[in-house]
Amino acid sequence: MHDRLAEGLSAIIADPARVLTAPAVLERLSHDFYWYSPVLRPKLANKNGDIAVLALDVDEILAVLRFAGMNDVPVTVRGAGTGNYGQCVPLQGGIILDLSLMDKLEEITSDGVAVCQPGLRLGALETEARKQGWELRMYPSTLVKASVGGFLAGGSGGIGSVAHGGLRDFDTVRAFEVVTMEEEPRVVLHEGAAVHEILHAWGTNGVLTRIWFALAQAEQWTQFTAAFDTYEQAFTFTESIATNPTWTKRLATVFEWPIPSFFTPIKKLVRDGKSMALIMIATAQLDALTAATKGSGGELTFSGPYEGPRTQPLLSDYTWNHTTLWAMKADPAYTYLQCGFSPTECREQFRKLRGRFGNEIFFHIEFMKNGEGVVIPGAIPIVRFTTEERLNDMIAFCRSIGVFVANPHVNYLEDGGRFRPDNIQLLAKQRYDPRGLLNPGKMISFQKQVVAP
Ligand SMILES: Cc1cc2nc3c(=O)[nH]c(=O)nc-3n(C[C@H](O)[C@H](O)[C@H](O)COP(=O)(O)OP(=O)(O)OC[C@H]3O[C@@H](n4cnc5c(N)ncnc54)[C@H](O)[C@@H]3O)c2cc1C
């Protein structure tokens, strides 16, 4: 099998150095940060692709998909491999299509739309955009490594979402070109509402090859941290900043103690026993924010300019799902959930969860705007893992009290929480990948089409 694939692909890819077969390399390219989940860890550890290809252009992608289709071989696309749920782990082997070399930024248009290849790193785009007076509307805390294509296919939002919502909102993703896995693969343009057929479908129904990604006008940002005696105080203060449109912010995060104690590189910013607010605020509003913090009983522990992805300390490295990484470094028994609390009932929801699960859950809030323009307390709580049953109990309890959960302990789209009820991703898969060769096993509602004899 391996030899046959290597021979076939080497005929397509001009430079054999871009067809990879070394087992250690394949092992690395077959995995992401799935190990965040103690449930996924044993299930995905031994899943590997049979061969990897570093594609350079659309013609090579078309040829690889044609070859794979003719030989009934699965293809799993890979950006930078920073996904959390084994999104790019090839469950059924086959070809890993690595797009990290397709990393060109074609242009930033005069109205602030980046036109780029999928392998472009978000950090590189943020740096270049800021030089031209623009910046990313939102980015994951994996900014430096993650690719634009991987973010669109696997991510949802991040720093900036408190102002601009998630990737699926407010026309941030303007358009993209997609290579299909039809009998004769082709390039199709999706624009406007049609992007939602492919967005966040984990590369199961097409390969993104050229992207139009809307930016925001660049702002001078200050990173800011404050300590509060109680979680309630830290939450209420941060909520007042996040939900009031007069504050210009990029990040509004709350950590319940002991989460700040996990942040060893920035321990000078942490106060023992206290909860922490972490905010990116327009520099022009820093004095007002400092005054508001004091007025709310908080202690300002740090403020400093954000000067792009190389800023030190880069406080976004402690937010979104990086928070979980610091918790797991402190104690490998920690894991996480991805939740959305009710903006009106959240205090009651926090109380019920604490009552039922005690110190098995610690609150980590990321305020974000939803598609209706309402800023809500999104959350990536830190959870002490004991058994899968107990974790499922917690998820069921959250849902029973109205807390939305996108389950990060499964590696198929449908329970990951972002699958669309209108089924347009599934319909696109039936159209573009009827043989089910793209990232098989990740869209479980898909059934291969049976060809009549
Ligand atoms: C510490 C940590 C923090 C994180 N924080 C966030 C966060 O704040 N917000 C967030 O949304 N995510 C977050 N993530 C998840 C992940 O980092 C992001 O979603 C990231 O944007 C994925 O980009 P990538 O290039 O690494 O994608 P990959 O992991 O390579 O791929 C992700 C998925 O997209 C598919 N794919 C990749 N490229 C293409 C393409 N061109 N066409 C079609 N399919 C493709 C892959 O097959 C896979 O299913 C975090 C992960 C970690 C480990």
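This is a predicted model: local features need pLDDT of at least 70, side-chain atom pairs count only at pLDDT 80 or more; totals for chains, interfaces and linings use all residues.
**The ligand site**

The ligand is surrounded by 36 residues, and the closest of them are V77, G79, T82, S147 and G157. By class, this shell is made up of 15 nonpolar, 20 polar and one charged residues. Three elements each contribute at least two residues to the shell: strand 3 (75-78), helix 6 (148-154) and strand 10 (207-217). Helix 6 provides the largest share, with five residues.

| Residue | Atom on the protein side | Atom on the ligand side | Distance |
|---|---|---|---|
| V77 | polar backbone atom | oxygen atom | 2.6 Å |
| G79 | polar backbone atom | oxygen atom | 2.7 Å |
| S147 | polar side-chain atom | oxygen atom | 2.6 Å |

**Helix 10**

Helix 10 spans residues 322-330 and is mostly covered, with seven of its nine residues buried. The buried residues are H322, T323, T324, L325, W326, A327 and M328. Their cover includes one helix, helix 3 (40-44). Strands also belong to this cover, among them strand 12 (249-255), strand 15 (334-336), strand 18 (364-369) and strand 20 (382-384).

Notes:
Residues are numbered from 1 along each chain as its sequence is written. Side-chain values use heavy atoms; hydrogens and water are left out. A residue is near a molecule or strand if one of its heavy atoms lies within 4 Å of it. A polar contact is a pair of N or O atoms within 3.5 Å; within protein, one must be able to donate a hydrogen and the other to accept it, and residues adjacent in sequence count only if both atoms are side-chain atoms. Helices (H or I, at least four residues) and strands (E, at least two) are DSSP runs, numbered from the N terminus. Ala, Val, Leu, Ile, Met, Phe, Trp, Tyr, Cys and Pro count as nonpolar, Asp, Glu, Lys and Arg as charged, and the others, Gly among them, as polar. Buried means under 20% relative accessible area, exposed over 50%, partly exposed in between (1.4 Å probe, protein chains only). Contact means heavy atoms within 4.5 Å.
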